[in-house]
Amino acid sequence: MGKAIRDQRLLLMGAAYKADVHDTRESPSLVIMRDLLVRGADVRLCDPWVPEVALDGREHRSVLWEHAELIVDTRNVVPVAENVWQL
């Protein structure tokens, strides 16, 4: 059985619409972020191209991922480590 989303601290990696750009317009990541926030998650953002993003009147600043307990990497961009699960 998995963990509930409510009260979990989650790191969303990648907020730009496409790789290597600052543009977040129509980014599917922001739709996911909003859904996780509505469900009660403590969502952080990590994107070297997007230092901060405004979502529903709140500013979210990009953070680093080195200390994450678990990383689920769906694009195989995070270096292999014990806490990285690549799909």
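Me: Among contacts in the protein between residues at least 6 apart in sequence, what share joins residues at least 24 apart?

Reply: This is a predicted model, in which local features need pLDDT of at least 70 and side-chain atom pairs count only at pLDDT 80 or more, while totals for chains, interfaces and linings use all residues. Residues are numbered from 1 along each chain as its sequence is written, and side-chain values use heavy atoms, with hydrogens and water left out. Taking contact to mean heavy atoms within 4.5 Å, and considering the contacts in the protein between residues at least 6 apart in sequence, the share that joins residues at least 24 apart is 40%.

Me: In what order do the elements of the protein run from the N terminus on?

Reply: Helices (H or I, at least four residues) and strands (E, at least two) are DSSP runs, numbered from the N terminus. The protein has one helix and six strands. Read from the N terminus on, its elements run β-α-β-β-β-β-β.

Me: What radius of gyration does the globule rule give for 87 residues?

Reply: The radius of gyration is taken over C-alpha atoms, and the globule rule is 2.2 Å times the number of residues to the power 0.38. The protein has a radius of gyration of 13 Å and is as compact as a globular protein of its length, because this value is close to the one that the globule rule gives for 87 residues, namely 12 Å.

Me: Which element of the protein has the lowest confidence?

Reply: Confidence is expressed as pLDDT, which the predictor assigns to each residue from 0 to 100. The mean for the protein is 88, and 99% of its residues reach 70 or more. Confidence is highest in strand β4 (residues 58–61), at a mean of 93, whereas the lowest mean, 84, belongs to β5.

Me: Which element gives the most to the lining of the largest pocket?

Reply: On a 1 Å grid over the protein atoms alone, a pocket is an open set of points where a 1.4 Å probe fits, with protein on both sides within 12 Å along at least five of seven lines, and lining residues have an atom within 4 Å of a point. About 1600 Å³ of space lies in the largest pocket, a volume being the space filled by probe spheres set on the grid points, which are joined across faces, edges and corners. Of the 41 residues in its lining, the closest to the centre are Leu-11, Leu-12, Met-13, Ile-71 and Val-72. Two or more lining residues come from each of β1 (9–13), α1 (28–38), β2 (42–46) and β5 (71–73), and the element that gives the most, with five residues, is β1.

Me: How many residues in the lining of the largest pocket are nonpolar?

Reply: Ala, Val, Leu, Ile, Met, Phe, Trp, Tyr, Cys and Pro count as nonpolar, Asp, Glu, Lys and Arg as charged, and the others, Gly among them, as polar. By these classes the lining of the largest pocket has nine charged and five polar residues, while its nonpolar residues number 27.

Me: Is Ser-27 buried or exposed?

Reply: Ser-27 has its place in the loop between β1 and α1. Leaving aside neighbours within four places in sequence, it is in contact with Ala-15, Ala-16 and Tyr-17. Buried means under 20% relative accessible area, exposed over 50%, and partly exposed in between (1.4 Å probe, protein chains only). Ser-27 has a relative accessible area of 4%, so it is buried.

Me: What distance separates the C-alpha atoms of Asp-73 and Leu-87?

Reply: Asp-73 lies in strand β5 and is buried, with a relative accessible area of 4%. Not counting residues up to four places away in sequence, Asp-73 touches Val-78, Val-84, Trp-85, Gln-86 and Leu-87. Asp-73 and Leu-87 are 14 residues apart along the chain, and their C-alpha atoms are separated by 6.3 Å.

Me: How far apart in space are Gln-8 and Pro-79, C-alpha to C-alpha?

Reply: Gln-8 lies in the segment before β1 and is partly exposed, with a relative accessible area of 26%. Gln-8 and Pro-79 are 71 residues apart in sequence, and their separation in space, C-alpha to C-alpha, is 24 Å.
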